[in-house]
2 protein chains.
Amino acid sequence: MDVREFFELSAGKWFSQKTSQHLTLKQSEHGKSDLIIEILPTDNPQAVQLCQQIGIDPGSIWGGIKYTWKGTISWDPQPQTAANQNGESIAIAVADSPAAKTGKLFYAPKLSSAGAAASTPRSVKYTLGEDEALTLVTQQENISIEERVWFESNNVRLRTTIVTQPSGDSLASFYSEIRMGGG
Amino acid sequence: MDVREFFELSAGKWFSQKTSQHLTLKQSEHGKSDLIIEILPTDNPQAVQLCQQIGIDPGSIWGGIKYTWKGTISWDPQPQTAANQNGESIAIAVADSPAAKTGKLFYAPKLSSAGAAASTPRSVKYTLGEDEALTLVTQQENISIEERVWFESNNVRLRTTIVTQPSGDSLASFYSEIRMGGG
């Protein structure tokens with residue numbers, strides 16, 4: 001499997017269950033979400049806009065990756081106070097070299113389709129491992145984020161993330177995602 | 001890191017948070033537990049008994065691994081019905097060859113220290129990957145279990161397990177474990 005195949009296998013509609021565990025506070029947060037992942041053609045206006053923002057030729061990419069999610073989240077002590085969590089994001093994978101399994105994933109939350117002022121794209125480093133798990137590593141303002149995504153089967157995708165603050169506090173999250181019919 | 005070093009780094013007292021997500025029922029279960037992992041000397045009576053049960057020379061192992069846990073667990077719809085979950089288990093790692101990073105982990109739940117009738121040991125296959133994560137795979141009566149254990153740092157251990165029934169139903173669990181002082 002290469003990186004493109006990894007994202008193509010990710011395309012579809014998923015039911016996602018999330019738990020975040022705060023390691024020092026010893027509290028947890030739970031969420032459920034519908035997650036839609038789509039591969040956009042290279043001439044998609046949002047994909048083209050993202051390419052322009054990061055300064056690469058849209059003709060050099062194999063497509064954009066669009067994430068849309070809609071769900072709820074609640075904290076351990078107050079499960080009744082569930083809040084809505086909706087959003088969308090577009091990403092582009094740029095390999096370090098044509099056949100490399102490492103590269104950067106550039107993403108922009110809430111890109112404007114009208115081409116108006118959009119948020120600045122961010123980048124994360126990716127590595128597709130021997131075990132076909134995708135690892136994403138980023139450092140933002142002294143906060144380190146590491147994510148691991150892998151397929152248990154074609155219809156079950158698992159994810160872990162760990163976010164570490166400069167203080168050493170860590171938040172570990174786990175997502176199990178099951179492919180929904182009609183995806 | 002070799003397998004022995006992996007278990008030596010695991011030794012100590014951990015605070016463990018667990019979440020199990022049922023992929024088809026879309027329900028989750030949450031638990032908190034104290035987990036103590038000890039390396040037993042090769043002449044420990046329980047380690048010797050386990051070696052005898054599986055037919056290997058106690059002199060050929062580097063030690064036993066004792067797990068003791070004490071915690072509570074509750075299901076998503078009834079968080080108030082927390083049940084106690086206590087137990088202990090002893091394991092021995094037997095490499096496929098002296099320098100191999102693959103082998104079998106034999107374990108016996110609730111071994112009798114008096115040498116009386118003990119439960120039959122079970123075995124799981126282990127692989128210590130390039131990324132220093134330990135993967136454990138087992139198949140019991142058509143149920144497949146896959147576990148992945150890795151260190152985020154010396155004091156943070158993460159684990160995922162996925163249990164798949166012959167029907168295809170899966171239960172995915174995530175544990176974050178933080179080392180406690182005085183461990």
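How many residues of chain A are in contact with chain B? Select the two chains of this predicted model and display the contacts between them: 29 residues of chain A are in contact with 29 residues of chain B. The area buried between the two chains is about 2,300 Å², and carbon and sulfur atoms give 59% of it. On the chain A side, pick out A:Gln21, A:Lys26 and A:Phe174, which lose the most area to chain B and together make up 25% of what that side buries.

Next, look at the polar side of this interface, where 10 residue pairs are in polar contact, while the count of salt bridges between chain A and chain B is 0. Colouring by strand shows where the chain A side comes from: strands E1 (12–22), E2 (27–40), E8 (143–153), E9 (156–164) and E10 (170–179) each supply at least two of its residues. By residue type, that side divides into 10 nonpolar, 11 polar and 8 charged residues.

Now select A:His22, which is in strand E1 of chain A. Is A:His22 buried or exposed? A:His22 counts as buried because its relative accessibility is 13%. Leaving aside neighbours within four places in sequence, A:His22 is in contact with A:Gln27, A:Asp169, A:Ser170, A:Leu171 and, from the other chain, B:Gln17.

Step back to chain A as a whole, whose secondary structure comes to 2 helices and 10 strands, following the pattern α-β-β-α-β-β-β-β-β-β-β-β along the sequence. Of its 183 residues, 44% count as buried.

The salt bridges are the next stop. Select A:Arg148 and A:Asp131, whose closest N and O atoms are 2.8 Å apart in a salt bridge; A:Arg148 lies in strand E8, and A:Asp131 in the loop between strand E6 (122–128) and strand E7 (134–140), 17 residues apart. A:Arg148 is buried, with a relative accessible area of 10%, whereas A:Asp131 counts as partly exposed at 43% relative accessibility.

Finally, centre the view on A:Glu177, which is buried with a relative accessible area of 0%. The side chains of A:Arg159 and A:Glu177 meet in a salt bridge at 2.7 Å, N to O, linking strand E9 to strand E10 across 18 residues. A:Arg157 also forms a salt bridge with A:Glu177, the closest N and O atoms being 2.9 Å apart. Both arginines are buried, A:Arg157 at 5% relative accessibility and A:Arg159 with a relative accessible area of 14%.

Definitions and conventions:
Residues are numbered from 1 along each chain as its sequence is written. Chains are lettered from A and ligands numbered from 1 in the order in which they are written. This is a predicted model: local features need pLDDT of at least 70, side-chain atom pairs count only at pLDDT 80 or more; totals for chains, interfaces and linings use all residues. Side-chain values use heavy atoms; hydrogens and water are left out. Contact means heavy atoms within 4.5 Å. Buried area is the accessible area (1.4 Å probe) that two parts lose on being put together, summed over both. A salt bridge is a side-chain nitrogen of Lys or Arg within 4 Å of a carboxyl oxygen of Asp or Glu. A polar contact is a pair of N or O atoms within 3.5 Å; within protein, one must be able to donate a hydrogen and the other to accept it, and residues adjacent in sequence count only if both atoms are side-chain atoms. Helices (H or I, at least four residues) and strands (E, at least two) are DSSP runs, numbered from the N terminus. Ala, Val, Leu, Ile, Met, Phe, Trp, Tyr, Cys and Pro count as nonpolar, Asp, Glu, Lys and Arg as charged, and the others, Gly among them, as polar. Buried means under 20% relative accessible area, exposed over 50%, partly exposed in between (1.4 Å probe, protein chains only).
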